[in-house]
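Please read them with the structure open.

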Amino acid sequence: MSKKPARLRAWTFVALLAACHAPTRESSRVITPPLNETGAAPRNAPGRPLPPRPSDLSWPIEIAVRIEAAEGQGRLILENGSRTLTVRRLGEGLEAGGRVHPRLGFEASGPGGEISWNGKRYGGRFEIVPHPQKGLRLMNLVDLETYVEGVVAGELPLWSAQPAELEAQAIAARTYALYTLAMRGALTRVTEPRHASLSDSVADQAYCGLPANALANVESESSRQRMAAAVDSAVQQTRGGVLTREGRLTDIRYHASCGGKTSNLEAVFPGTESGSVGTDCPCDEADAQAQKREWKYTFTATQLGALARTLGVGDRIVSLKPVQKQPWRWSEVQVAGDSGQIQISFLRLRNLLGPSLLRSGRIEGTWPHPGDSIQPGGGWAVYGAGHGHGAGLCQTGTHLLAKREWSSVRILRHYFAGTVVQTL
Ligand SMILES: [Zn+2]
């Protein structure tokens, strides 16, 4: 890890008045589009722009990350070494140090500076703005490669991660960030620069701040150093590497475990980029049984009743059956209630019932069987495999392929046929 321990540094405290704010990427308003499961803005609108070529991107690129745990809090305490600063929401503005500001920016002085909030360490700088509904919003603004380090450490179990697995994750994280921000209207020269942001949760990509945060519970100093060095090496080895298709950034998605076969991107996310087709994955092979992540869950009549009311099909669910675009994964679902029926995407059904309960669309059986009647007061049992939406790169499969000495490029091209790794 390249970050140096925090030393005593003077706060560089900047009150950014919206009125005199330069009309650059840092507009006075944070644009946060509505999120779907992966956090991406809807991309199925007619006439949506083509993904950018790497040469279309404006430099330097600074990634703005929303710290979800801070969303809406009334007070934030920020630290830099031994110094502490408290920010509160006051009316439409912020109060800090006895003064009111429309927004605030904080950074540690000197190279390698660290700032922290809630016991977690971050590089770059913080920006605090009023939350659109209530309380405060905390943003961490970091350079692209520091962001990628934080995603690699946030997404993967570092104690077991292989070098090629870390490298594939770094390229995937970099590509996702640039593609997503560009499609949300930031980064390109051809559109008016706007301030779009990424979530630090799996709604976009799990970002942990500095990699040290992901290693805080590792007792052995030598193990911490080994894992931190592995993350640093993977990011350095792939520095600037992104996945492109026909010269343009790829719509890259990934998930924890596909259950043995990934799906076409379009089948899972209607209206998204075509050409990203499903493929076989080793995560259900005999040597990977522990990784297969088979699961089962029984939804109760109460949970099903809430679903029926949310969908406006009555007070209870009568039956559920898939409308599948690919035989191994539910894509659309016909939901019948006691006073109506509706066809919805599996992603919506999963979000409504709970992504941690209905873990994936690779469903191997249900009781009652699909389409059969669920008795009044009865439940709906689901048996499945995998975890996540199942399109794009499978992280469990990537781990297994890396152990078989596949390179990161070979792994990425397996899950995203027709793409190449290009350096920015
Ligand atoms: Zn898989």
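The points below go from confidence to sheets, helices and backbone details.

1. Basis. This is a predicted model, in which local features need pLDDT of at least 70, side-chain atom pairs count only at pLDDT 80 or more, and totals for chains, interfaces and linings use all residues. Residues are numbered from 1 along each chain as its sequence is written.

2. Confidence. Among the elements of the chain, helix α6 (residues 301-311) has the highest mean pLDDT, 97. Strand β1 (residues 11-15) has the lowest, 35. Helices (H or I, at least four residues) and strands (E, at least two) are DSSP runs, numbered from the N terminus.

3. Over residues 1-45, pLDDT stays under 50. The model has 83 contacts beyond four places in sequence for this stretch. Two residues are in contact if their C-beta atoms, placed from the backbone, lie within 7 Å. Residues 189-194 also stay under 50, with 11 contacts beyond four places in sequence. Where pLDDT is low, the predicted coordinates should not be read in detail.

4. Six-stranded sheet. An open sheet of 6 strands runs in the order β6-β5-β4-β3-β8-β9, with antiparallel pairing. Two strands pair if DSSP finds at least two bridges between them. The edge strands, β6 (99-101) and β9 (120-122), each pair on one side only. From one strand to the next, the twist averages 30°. Strand β5 (residues 93-96) is joined to β6 by 3 bridges, and the two run antiparallel. Glu95 has Val100 in β6 as its bridge partner.

5. β7, β10 and β11. Strands β7 (residues 104-108) and β10 (residues 125-130) run antiparallel and are joined by 4 bridges. Here Phe106 stands opposite Phe126 in β10. β10 also pairs with strand β11 (residues 136-143), in the antiparallel sense and over 6 bridges. Glu127 faces Met139 of β11 as its opposite residue. The β10 and β11 hairpin has 5 residues between its strands. Gly135, in the turn, has a positive phi of about 65°.

6. Three-stranded sheet. The order is β14-β13-β23 in an open sheet of 3 strands, with antiparallel pairing. Its edge strands are β14 (248-249) and β23 (420-423), each pairing on one side only. Strand β13 (residues 241-245) is joined to β23 by 4 bridges. Leu243 stands opposite Val421 in β23. Which helix lies across β13, β14 and β23? Helix α2 (residues 163-183) does, running at about 60° to β13.

7. α2 on α3. The axes of α2 and α3 come within 8 Å and cross at roughly 55°. Axes are lines fitted to C-alpha atoms, for helices over the stretch in contact, and angles run from 0 to 180 degrees between N-to-C directions. Angles under 35 degrees count as roughly parallel, over 145 as roughly antiparallel, 65 to 115 as roughly perpendicular and the rest as oblique. The α2 and α3 crossing is right-handed. A crossing is right-handed if the near helix is turned clockwise from the far one by less than a right angle, and left-handed if anticlockwise. On α2 the contact uses Pro163, Leu166, Glu167 and Ala170; on α3 it uses Ala230, Val231, Ala234, Val235 and Gln237. By class these are 7 nonpolar, 1 polar and 1 charged. Ala, Val, Leu, Ile, Met, Phe, Trp, Tyr, Cys and Pro count as nonpolar, Asp, Glu, Lys and Arg as charged, and the others, Gly among them, as polar.

8. α1 on α3. Helix α1 (residues 144-155) packs against helix α3 (residues 221-237) at about 130°, with the axes 10 Å apart. That angle makes α1 oblique to α3. The crossing of α1 and α3 is right-handed. From α1 come Glu145, Val148, Glu149, Val152 and Ala153; from α3 come Val231, Ala234 and Val235. The α1 and α3 contact has 6 nonpolar, no polar and 2 charged residues.

9. Backbone details. The Trp367 to Pro368 peptide bond is cis, with omega near -5°. Pro368 is in the loop between β20 (363-367) and β21 (380-384). Glu246, a residue other than glycine, has a positive phi near 50°. Glu246 is in the loop between β13 and β14.

Technical notes:
pLDDT is the predictor's confidence in each residue, from 0 to 100.
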